[in-house]
Amino acid sequence: MMATNGKDACGLKGDEPSVSLNGGNEAFANKSHSPVVHGAATEAPCRSKLQNGGTEAERFTFSPEPTVEDIRRMQAEFTDERDWNQFHQPRNLLLAMVGEVGEVSELFQWRGEVAEGLPGWTESEREQLAQELSDVMIYLVELAEKCRVDLPQAVLRKMALNRLKYPASKVHGSAKKYTEYED
Ligand SMILES: Nc1ccn([C@H]2C[C@H](O)[C@@H](COP(=O)(O)OP(=O)(O)OP(=O)(O)O)O2)c(=O)n1
């Protein structure tokens with residue numbers, strides 16, 4: 001589940017994309033990062049019930065840093081220092097990323113459905129998951145870099161498209177694919 005905070009999490013955004021398809025994003029530019037203490041945003045929460053039974057106030061949020069660009073730069077330094085760029089072509093990075101996705105999958109394998117927050121997982125299992133997800137992200141960011149995809153802006157464009165494809169007023173509460181709607 002994606003971590004959100006502020007207006008978006010409170011469902012105040014309408015169906016219209018707040019992002020132009022060429023990457024401009026007023027909503028994002030105007031949004032300040034709220035301070036995070038032990039994973040909880042300190043701004044006044046809205047308390048509408050979530051489908052999974054939690055409340056908005058309990059929503060998890062990320063730290064604002066490092067940014068995606070920070071991660072790109074740090075990984076570039078890591079590979080430069082080791083003369084590993086010779087191995088980090090797009091296809092190799094893709095295979096490495098998929099391998100790490102497999103390692104994430106292994107942690108969930110044979111456990112049955114797992115609830116949000118991973119109740120019952122040990123600290124060691126949580127740390128293992130954090131490491132494997134980080135590996136996926138590190139390779140993803142480097143793959144995007146090597147493919148010349150400006151990932152943060154691409155994500156904004158894609159989210160705008162998603163909002164157009166899945167207007168909240170039309171698909172609320174339904175997990176159907178957009179191709180399954182008749183109109
Ligand atoms: N040629 C490489 C090898 C490693 N890494 C970095 C990116 C990943 O974050 C991490 C991956 O390291 P490993 O391949 O050793 O994989 P794991 O850390 O998952 O170890 P293991 O497979 O033992 O769980 O190290 C890299 O950039 N380029």
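This is a predicted model: local features need pLDDT of at least 70, side-chain atom pairs count only at pLDDT 80 or more; totals for chains, interfaces and linings use all residues.

A: Happy to. Residues are numbered from 1 along each chain as its sequence is written, and side-chain values use heavy atoms, with hydrogens and water left out.

Of the 183 residues in the protein chain, 23% are buried; buried means under 20% relative accessible area, exposed means over 50%, and partly exposed is in between (1.4 Å probe, protein chains only). Among contacts in the protein chain with a separation of 6 or more, 60% join residues 24 or more positions apart, a contact being heavy atoms within 4.5 Å.

Now to the helices. Two packed helices are described by the angle between their axes and the distance between the axes. Take helix α4 (residues 90–108) and helix α5 (residues 123–146): their axes come within 9 Å and cross at roughly 160°. Here the axes are lines fitted to C-alpha atoms, for helices over the stretch in contact, and angles run from 0 to 180 degrees between N-to-C directions. The angle therefore makes α4 roughly antiparallel to α5, since angles under 35 degrees count as roughly parallel, over 145 as roughly antiparallel, 65 to 115 as roughly perpendicular and the rest as oblique. The crossing of α4 and α5 is left-handed, which is the name used if the near helix is turned anticlockwise from the far one by less than a right angle; clockwise would be right-handed.

Which residues touch? On the α4 side they include L93, L94, M97, V101, V104 and F108, and on the α5 side they include L129, L133, V136, Y139, L140 and L143. Sorted by class, the contact of α4 with α5 has 15 nonpolar, 1 polar and 6 charged residues. In this sorting Ala, Val, Leu, Ile, Met, Phe, Trp, Tyr, Cys and Pro count as nonpolar, Asp, Glu, Lys and Arg as charged, and the others, Gly among them, as polar.

Helix α5 has another partner, α3. The axes of α3 and α5 also come within 9 Å, crossing at roughly 90°, so α3 is roughly perpendicular to α5. From α3, the residues V68, I71, R72, Q75, A76 and T79 take part, and they meet M137, I138, V141, E142 and E145 of α5. This contact of α3 with α5 divides into 6 nonpolar, 2 polar and 3 charged residues.

Look at Q75 for a moment. Q75 sits in helix α3 and is buried, with a relative accessible area of 10%. Setting aside neighbours within four places in sequence, Q75 is in contact with H88, I138 and E142.

Side chains of opposite charge can pair when their charged atoms come close. A salt bridge is counted where a side-chain nitrogen of Lys or Arg is within 4 Å of a carboxyl oxygen of Asp or Glu, and the count comes to 8 salt bridges. In one of them, the side chains of E145 and R72 meet at 2.9 Å, N to O. This pair links distant parts of the chain, as E145 is in helix α5 and R72 is in helix α3 (residues 68–81), 73 residues apart. R72 is partly exposed at 25% relative accessibility, and E69, R72 and E145 are linked in a network of salt bridges.

E77 forms a salt bridge with R73, with the closest N and O atoms 3.9 Å apart; both lie in helix α3, 4 residues apart, about one turn of the helix. E77 is partly exposed at 39%, and R73 is partly exposed at 35%. In helix α5, E123 and R126 are 3 residues apart, about one turn of the helix, and they form a salt bridge with the closest N and O atoms 4.0 Å apart. E123 is exposed at 63% relative accessibility, whereas R126 is partly exposed at 28%.

Methods: Helices (H or I, at least four residues) and strands (E, at least two) are DSSP runs, numbered from the N terminus.
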